[in-house]
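Thanks for making the time this morning. I would like to walk you through one model, so please bring it up on your screens.

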Amino acid sequence: MSSLLAVPLVLFQMVSSHGQPPAASPAGSAGGLVWTPPKTWSVAPAASSMRVVTYRVPAAAGDAEGAEVAVFFFGPGQGGSTQANVDRWYSQFRAEKGSAGPGKPATTKVGAIPVTIVTTEGTYSSGMPGGAMTPKPGWALRGAIAEGPSGPVFFKMVGPKKTVLAATPGFDAFLKTLKKG
């Protein structure tokens with residue numbers, strides 16, 4: 001093993017052995033936007049090269065796992081329209097008996113930055129597009145599409161419904177940290 005790989009591995013093992021998640025970076029950036037994640041979120045290894053960053057959100061009491069917030073930026077003019085992404089996010093969920101299903105997208109501004117906020121719940125089809133999908137019943141999504149100077153930046157929180165609902169105020173506060181930069 002090269003020494004360049006050994007140092008991060010040792011640090012990861014030290015952090016893992018003490019039960020402490022890695023701290024969230026003080027700020028993230030993409031698409032001409034910058035943001036600051038909540039201190040309770042930790043940075044997770046990216047599950048895909050398409051992600052700018054992935055944050056882990058702690059599980060709510062009673063949930064076996066937490067949620068994740070995946071941040072995507074595909075470049076100027078890339079990633080599809082806001083409506084196409086809203087529709088795709090909704091299509092990843094199947095309604096369940098008693099679930100609220102998709103909410104109506106809300107449009108707001110954070111400073112001068114237009115942001116579309118999306119919510120839904122039900123059975124989530126987890127997995128990479130075109131690959132095997134794992135159904136996750138009782139899950140929810142809170143997502144946002146922010147119109148950055150260099151293109152849209154996508155913020156997608158998914159996880160068990162109770163965790164997503166508990167984390168929604170923090171997610172919304174996180175969106176309010178968006179700035180051009």
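I will start with the strands and then turn to the nonpolar cores.

This is a predicted model, in which local features need pLDDT of at least 70 and side-chain atom pairs count only at pLDDT 80 or more, while totals for chains, interfaces and linings use all residues. Residues are numbered from 1 along each chain as its sequence is written, and side-chain values use heavy atoms, with hydrogens and water left out.

Strands here are DSSP runs of E, at least two residues, and helices are runs of H or I, at least four, numbered from the N terminus; two strands pair if DSSP finds at least two bridges between them. Strand β3, residues 42-44, pairs with β4 in the antiparallel sense over three bridges, with A44 having T54 as its bridge partner in β4, and six residues lie between the two strands of this hairpin. β4 is also joined to strand β5, residues 67-73, by six bridges, again antiparallel, and R51 stands opposite F72 in β5.

Now, a nonpolar core is a set of buried Ala, Val, Leu, Ile, Met, Phe, Trp, Tyr and Cys residues joined through side-chain atoms within 4.5 Å. Which members of the largest core touch the most others? Of its 26 residues, they are W35, F155, F171 and L178. Its largest share, five residues, comes from α3.

Technical notes
Buried < 20%, exposed > 50% of the residue type's maximum accessible area, 1.4 Å probe, protein only.
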